[in-house]
Protein chains: 2
Amino acid sequence: MDQERIGRLRRAMRAAKLDALVLRLPENLVMAMGVWPMNGYSHGLFTADEGPVLLIAPSCENEEMDGAWVREIEWFVWPRLDMDDPAEVLQRALRQAAKAHRLNRARIGYEGSFEAIAPPHNAGEVLAPCESTIAFLKSILPSARWTDATDLLHAQRAQKTASEIARLRLTHRVADFGLKRFHKAVRPGVTEAELASIVYSECLNRGVRLKGVRHVNVFPQISSGPNAHRAWRPNVSTGRRRLRDGEIALLELAVCVDGFWADVTRVAVAGRPSQVQKDAFHAVVTAQQAAMDCMKAGVPASRPHEVATKILCQAGFADDIVHLTGHGLGFRYHEPEPFLMPGNRQRLKAGHVCSVEPGLYNRAWGGIRLEDNVVVRRDGVEVLTKAPKKL
Amino acid sequence: MDQERIGRLRRAMRAAKLDALVLRLPENLVMAMGVWPMNGYSHGLFTADEGPVLLIAPSCENEEMDGAWVREIEWFVWPRLDMDDPAEVLQRALRQAAKAHRLNRARIGYEGSFEAIAPPHNAGEVLAPCESTIAFLKSILPSARWTDATDLLHAQRAQKTASEIARLRLTHRVADFGLKRFHKAVRPGVTEAELASIVYSECLNRGVRLKGVRHVNVFPQISSGPNAHRAWRPNVSTGRRRLRDGEIALLELAVCVDGFWADVTRVAVAGRPSQVQKDAFHAVVTAQQAAMDCMKAGVPASRPHEVATKILCQAGFADDIVHLTGHGLGFRYHEPEPFLMPGNRQRLKAGHVCSVEPGLYNRAWGGIRLEDNVVVRRDGVEVLTKAPKKL
């Protein structure tokens with residue numbers, strides 16, 4: 001049980017005059033209840049007085065609920081032919097809990113505006129709490145004062161606890177397997193799809209062998225040659241393109257290990273890099289290091305971007321900078337705090353976890369980005385990504 | 001442009017007294033606008049009078065928007081340092097379109113309750129239209145009568161058009177690559193993760209080589225040995241387990257090709273199957289064939305389940321039946337129509353696309369399921385899954 005997390009969340013709820021949270025998104029249950037549900041039909045009740053008190057979960061997730069931070073789990077049979085009505089079970093369990101914890105007239109937070117959602121282990125389908133669920137929750141406890149707790153949850157998630165950072169280290173070990181293997185695989189003639197497959201296999205196969213790991217999800221995306229200059233897009237697209245001699249392959253890689261995420265990038269040239277590619281790579285390495293070196297708690301979130309940009313400009317690449325320098329992450333691929341971008345006057349805080357990803361994007365010679373993830377500390381950063389950087 | 005789809009959707013909207021739809025989920029834009037957005041920030045406007053009229057999309061998706069069924073696309077720069085404010089662009093474009101199409105007091109449908117959502121190509125993060133988006137849409141056109149169109153959209157999606165079925169055939173060709181490769185890879189000593197990697201690589205590599213294919217997503221899940229008896233769960237979990245001689249591996253495989261989905265399953269034994277495994281497999285093959293043979297437009301959706309169940313029971317496996325026999329799919333991994341399950345009095349319709357997936361789940365010898373996808377026709381079914389069935 002992560003007492004640091006539970007204590008912080010309870011204090012934040014009291015400050016916001018919130019008595020309870022009803023959570024369903026796997027990414028929030030990871031944080032607040034210590035479990036990563038596989039489907040997204042599990043609900044958790046967390047109170048300001050007592051912390052995590054109840055999970056309502058499908059019985060087929062008994063293994064995934066192992067280690068939950070609650071004394072009580074209300075199971076429902078699903079999705080079998082002899083299944084319960086999950087809505088009925090949820091209604092009964094929440095009403096009973098509301099009575100026991102005096103929540104009938106309480107202020108209860110729900111996940112109303114998580115527009116970006118992390119997929120569960122079976123990533124082909126994501127379950128979002130939409131209008132129907134929210135209306136149903138409100139109908140279960142109609143005299144409670146329901147309030148959208150999205151902002152509070154995102155703010156709480158932004159600073160990771162010691163135990164969460166330990167989990168993130170494990171995720172990044174798995175992501176590093178993929179980055180290292182990528183460098184071995186890039187050569188003239190290989191296709192984008194082949195590279196993505198190799199990275200996927202390496203992370204999955206070596207990841208599930210690590211002690212204590214239950215579930216590994218891998219999302220590799222490769223852009224190459226002339227496409228790489230567009231790799232700042234969130235829709236880097238892996239295709240059938242074969243790498244030619246001297247072309248860049250850019251790997252954008254998300255890895256999720258039991259609910260904890262990494263978002264990392266490496267580039268490699270098939271064959272011999274050109275002088276401009278080498279110069280750009282050197283500038284990006286230097287810019288990334290300088291951005292990391294300036295980061296610690298208290299520094300404005302805009303500074304790493306300014307520091308990186310200055311170096312990239314001095315190296316002659318001012319026209320090739322199109323993207324911000326970093327974003328929060330950890331419970332999801334991208335989280336809204338902190339953004340390392342111009343104009344962001346927020347200050348970095350200890351426990352912030354974010355990407356540091358300066359990049360250069362040029363139609364003539366491709367795209368070069370390095371993306372490592374770091375934990376902000378009082379006196380600097382801990383770099384979670386250990387894989388070497390080379391072109 | 002799929003005139004059949006557009007005509008049907010317009011007629012359904014008129015019957016429901018809906019003047020327009022504002023759509024954002026990639027799975028609905030595939031159906032109504034002919035594009036599969038990569039991120040989920042694109043909005044589409046579809047009117048009952050004119051069909052697809054406007055897309056508002058990030059400029060980085062210009063390739064993905066190629067071939068859209070609209071005359072007009074309003075682009076916004078995103079997510080670059082020189083980006084627009086997407087909310088501002090959406091507001092301006094929707095207000096202009098509302099004026100041009102006289103929608104200020106119209107009845108407008110939105111995606112309020114799509115609790116299950118298909119991931120975009122970059123499947124590590126899904127964007128759902130939640131309370132904040134819905135409130136924003138309503139604020140843009142406050143005098144319109146906004147109504148949750150989820151049920152109408154699901155009902156329309158249930159019957160696929162000729163052109164959609166052609167796209168689904170392509171997806172199933174890609175899924176078949178994975179099923180065939182799986183059979184070659186199952187042997188004593190291989191891990192679940194290795195099997196999943198092999199299937200992923202085969203679908204991705206061969207899929208992107210097929211003519212006309214842009215994006216392929218692959219979601220393989222392997223359960224093996226004693227775990228396979230729990231493979232009716234939606235959380236089949238790929239792990240580090242090594243197959244032993246005589247054990248079953250069960251592959252649950254979702255494949256998405258440019259927004260069109262397949263959901264298929266095969267089983268294979270590492271080494272020699274036991275007599276009970278052979279008997280169970282034979283019963284499942286026979287039950288699946290009989291279920292398919294009884295299907296055509298007009299037949300109650302409960303009948304395939306009854307037919308399959310009768311055969312499984314006669315073969316002595318009554319205690320091993322825990323799951324329904326099929327579900328809709330096509331625009332997503334699972335769709336709510338038709339469910340092939342006891343008590344479902346709905347009748348099958350021409351153009352329904354669903355899985356036919358009888359299975360037996362037993363602690364002693366594992367789990368055996370076959371899952372093929374079919375199109376319901378007036379006189380029978382078209383089987384989309386062509387990969388052979390063997391143990």
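This is a predicted model: local features need pLDDT of at least 70, side-chain atom pairs count only at pLDDT 80 or more; totals for chains, interfaces and linings use all residues.
Local features need pLDDT of at least 70, side-chain atom pairs count only at pLDDT 80 or more, and totals for chains, interfaces and linings use all residues. Side-chain values use heavy atoms, without hydrogens and water, residues are numbered from 1 along each chain as its sequence is written, and chains are lettered from A and ligands numbered from 1 in the order in which they are written.

Reader: Is Glu306(A) buried, partly exposed or exposed?
Author: Buried means under 20% relative accessible area, exposed over 50%, and partly exposed in between (1.4 Å probe, protein chains only). Glu306(A) has a relative accessible area of 44%. That makes Glu306(A) partly exposed.

Reader: Why is helix H5 (residues 150-158) of chain A largely enclosed by the rest of the structure?
Author: Helices are DSSP runs (H or I, at least four residues), numbered from the N terminus. Among the buried residues of H5(A) are Leu152(A), Leu153(A) and His154(A). H5(A) is largely enclosed because the buried residues number seven of the nine.

Reader: How many disulfides does a search of the whole structure find?
Author: A disulfide is a pair of cysteine sulfur atoms within 2.5 Å. The sulfur of Cys256(A) is too far for a bond, since the closest cysteine sulfur, in Cys203(A), is 12 Å away. Over all chains, the number of disulfides is zero.

Reader: Which cysteine holds the sulfur closest to that of Cys130(B)?
Author: Cys130(B) is buried, at 3% relative accessibility. Its closest cysteine sulfur lies 4.7 Å away, too far for a bond. That sulfur belongs to Cys130(A).

Technical notes
Helices (H or I, at least four residues) and strands (E, at least two) are DSSP runs, numbered from the N terminus.
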